[in-house]
Amino acid sequence: MLRFFIFFFLFIHSCVAAPKILAAVPATKWLTLNGQEPAVVARGGFSGLFPESSASANDLAISTSSPGLTMLCNLQMTKDGVGLCLSDIRLDNATTISTLFPKAQKTYKVYGQDLKGWFVLDYSADTIFSNVSLVQNIFSRPSIFDGQMPVSAVEDVLGIKPPKFWLSVQYDAFYMEHKLSAAAYLRSLRFRGITFISSPEIGFLKSIGMDARRAKTKLIFEFKDPEAIEPTTNKKYSEIQQNLAAIKAFASGVLVPKDYIWALDSANYLKPASTFVADAHKAGLEVYASGFANDYRTSYNYSYDPSAEYLQFVDNGQFSVDGFITDFPPTASQAISCLSHQKGNLPKIGNALVITHNGASGEYPGCTDLAYQKAVDDGADVIDCSVQMSKDGMAFCHDSADLTATTTAMTTFMSRATSVPEIQPTNGIFSFDLTWAEIQSLKPQIQSPFSTSGGFQRNPANKNAGKFMTLVDFLEFGKAKAVTGVLINIQNAAYLASKKGLGIVDAVKSGLTNSTLDKQSTQKVLIQSDDSSVLSSFEAVPPYTRVLSIDKEIGDAPKPSVDEIKKHAEAVNLKRSSLDTISESFATGKTNVVEEMHKGNISVYVSVLRNEYISIAFDYFSDPTVELATFIAGNGVDGVITEFPATATRYLRSPCSDLNKDQPYAILPAEAGALLSVAAKEAQPPAIAPSPPLDAKDVIDPPLPPVAKMGSSDGEAPPHAPPHSGTIATSANFGLSLLAILALGVLFAVE
């Protein structure tokens, strides 16, 4: 146990800095009831990481959140009248009780429903404290802390002296039936240190009203599901909502699930806001919203950006809730203290570039006019075009030469699928086998990289929205929008030249020359490739920044490798895992690759950043903003390549991204390995072998072959010529056609 708390102490002080309270911070006017900053209420401490209301969860919440944090404890009562902080009247989902007493399950009727489990009121406090430990009760969250932390009494949480304390009393009527009184328990505490008491039971709140007023404790009435029955009045909560003024007689505020304010439609998009906050404020009631967490699959309007959701509730220009109940208090804190009130195009802090990956491809199909326009609107510095070639020589922007995943090609050109092992190990429908007219007949398709593994769907309403852009149109768009720069990514140049007679390098050079971007220095031009020979072919154009894409994970960058890179490029694009090593969603260590590249005067861009929490390490609090802070402020990268540029731009425009500035709160980078060290050694994931260092010979590619003559003057293959890969391609076509027929047969059979 001593080892645990020593590690935890180190973790707190390596990851976070205590917030500073500065006297000269200008006040911001909020649209809350009293005009003050919305409150951050930590449900069970930092329950998004640690078991709810554990000492670790409470300590980390205080250390990482804004100074006025409110700690929330859900009150449960033992059979000898001791108050515990647990999420439910049953112990089995949040503790180890079922393994200790496997045959002690009971059934009770709770508000008309039969509930089965291990109930708190069947055990004495001593039995629970001596035998039972906490577990994480949401299975997508870390389980390595399970069984290591004791259950907290209410007095334990009060004893750490949180800035404010909120006691939630959910089941007073149930406890009263079993001769336990939450009101009597509160009177035994004399309400000392309790800032808020909430309950969904009107009778309970009225019974403690006089004591609460004397102690200056605010009473909050909690709304449950609109169709649920309030036990005192036997009315539905939807009926009680019709007379908010009546609530003011016994409470100073209300707590509601967030969908009372911003409901979702059947497709999980936000509906227009209700008038609930305005109505409650008119009645003189504060409004607190619950149900906030970073790790929900149904994310705010498919942005997977938890900060954006908080801002929707406090910085929409019409109203603001008075506080949030959240499992991730640092994210709520940064939304309020750092990211709110960013009106207009505020300047970015620092020099890190926000570079897109196929435009704003997290919200629209990648490399379409809509994805690029959204990226510009979101403040991206550099927009990117991965150049592909059509069969008849049209250069256009698309993530991959294989059109299968990001267009509707599967439904139209299944018979044209081939195997090209030089490009990828799987069969595909390749752009260089289709004419530009055929490609234009397709629809773009948004790519959801985690839809299969985790069910994370991206923006289905715009799944096939937008139009493909030629390279020429992309360059003209970049000039017209006056972006800081454009990045041109060149792929498969050697294969296209030798096997397809397509000169992709020449097409890019021609496009840049015709757009005059090769004769100016106002806008940056970044030429990226994983082929050093491609980059060397642009050496004669000094204004260009050449970027070597290193697709493999590396653990080090020795000086000979850096010196070799300098012959071909001024920057590198590295995978995230080449900077921070990840094992089972924990950051286990940090490499020195950025430092080594910077010693060689080579800029470092990191890719690809995405908002879906499943792609973000626990150490970053399942928060894309903390991941950005870790790579930019922690690792010192020169740019981030992201599919959600709005998230990156908002962070860089925040004063909290400047760690050299004195301010009440800062968005701090995570310290790799610190969170993992809190867990018992036997619970930690096995150590992973370090990635190999970059070898200088891996940087060098053979010279580009000349563009082959393919049998017709315009470079297009004869219409009846067999595919280059002969029998293999024919077999692949036949096999894929059979698969398509079988798949369609299954679909029709199901229908």
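View 1. Helices here are DSSP runs of H or I with at least four residues, strands are runs of E with at least two, and both are numbered from the N terminus. In residues 38-336, the end C-alpha atoms are 7 Å apart, with 29% helix and 20% strand. An unreviewed UniProt entry lists both 38-336 and 352-652 as "domain: GP-PDE"; UniProt positions follow the numbering used here, feature names are shortened, and annotations may be inferred rather than shown by experiment. What you're looking at is a predicted model, in which local features need pLDDT of at least 70 and side-chain atom pairs count only at pLDDT 80 or more, while totals for chains, interfaces and linings use all residues. Residues are numbered from 1 along each chain as its sequence is written, and side-chain values use heavy atoms, leaving out hydrogens and water.

**View 2. Helix 23 and its buried face.** Helix 23 covers residues 559-566, and S561, V562, E564 and I565 are buried there (buried is under 20% relative accessible area, exposed over 50%, partly exposed in between, with a 1.4 Å probe and protein chains only). Down the axis of helix 23, the buried residues fall within an arc of 160°, so they line one face of the helix; the arc is taken from the directions from the helix axis to the C-beta atoms. An α-helix has 3.6 residues a turn, so residues three or four places apart point the same way. Over on the other side of helix 23, K559 and P560 are exposed. The buried residues pack against strand 19 (544-550), strand 20 (571-575), helix 24 (593-599) and helix 27 (696-699), with contact meaning heavy atoms within 4.5 Å.

View 3. Searching the whole structure turns up three cavities of 30 Å³ or more. For a cavity, think of a set of points on a 1 Å grid over the protein atoms alone where a 1.4 Å probe fits but cannot get out; lining residues have an atom within 4 Å of a point. Grid points are joined across faces, edges and corners, and the volume is the space filled by probe spheres set on the points. The largest cavity holds about 100 Å³. It has 13 lining residues, and A293, N294, Y296, S299 and Y300 are the closest to its centre. The lining splits into six nonpolar, four polar and three charged residues. Here Ala, Val, Leu, Ile, Met, Phe, Trp, Tyr, Cys and Pro count as nonpolar, Asp, Glu, Lys and Arg as charged, and the others, Gly among them, as polar.

**View 4. The second largest cavity.** This one holds about 40 Å³. Its lining includes L609, R610, N611, F644 and A648. Helix 25 (624-634) and helix 26 (645-652) each give two or more residues to that lining, and helix 25 has the largest share, with three. By class, you get five nonpolar, three polar and two charged residues.

View 5. The peptide bond from S607 to V608 is cis, with omega near -10°, and V608 belongs to strand 23 (residues 603-609). S53 isn't a glycine, yet its phi is positive, near 65°. S53 lies in the loop between strand 1 (39-43) and helix 2 (55-64), and is buried at 1% relative accessible area. Y302, also not a glycine, has a positive phi of about 65°. Its loop runs between strand 12 (286-292) and helix 13 (306-314), and Y302 counts as buried at 10% relative accessibility.

Definitions and conventions. 1 Å grid on protein atoms, 1.4 Å probe; cavity = no way out; pocket = protein on both sides within 12 Å on 5 of 7 lines; lining within 4 Å.
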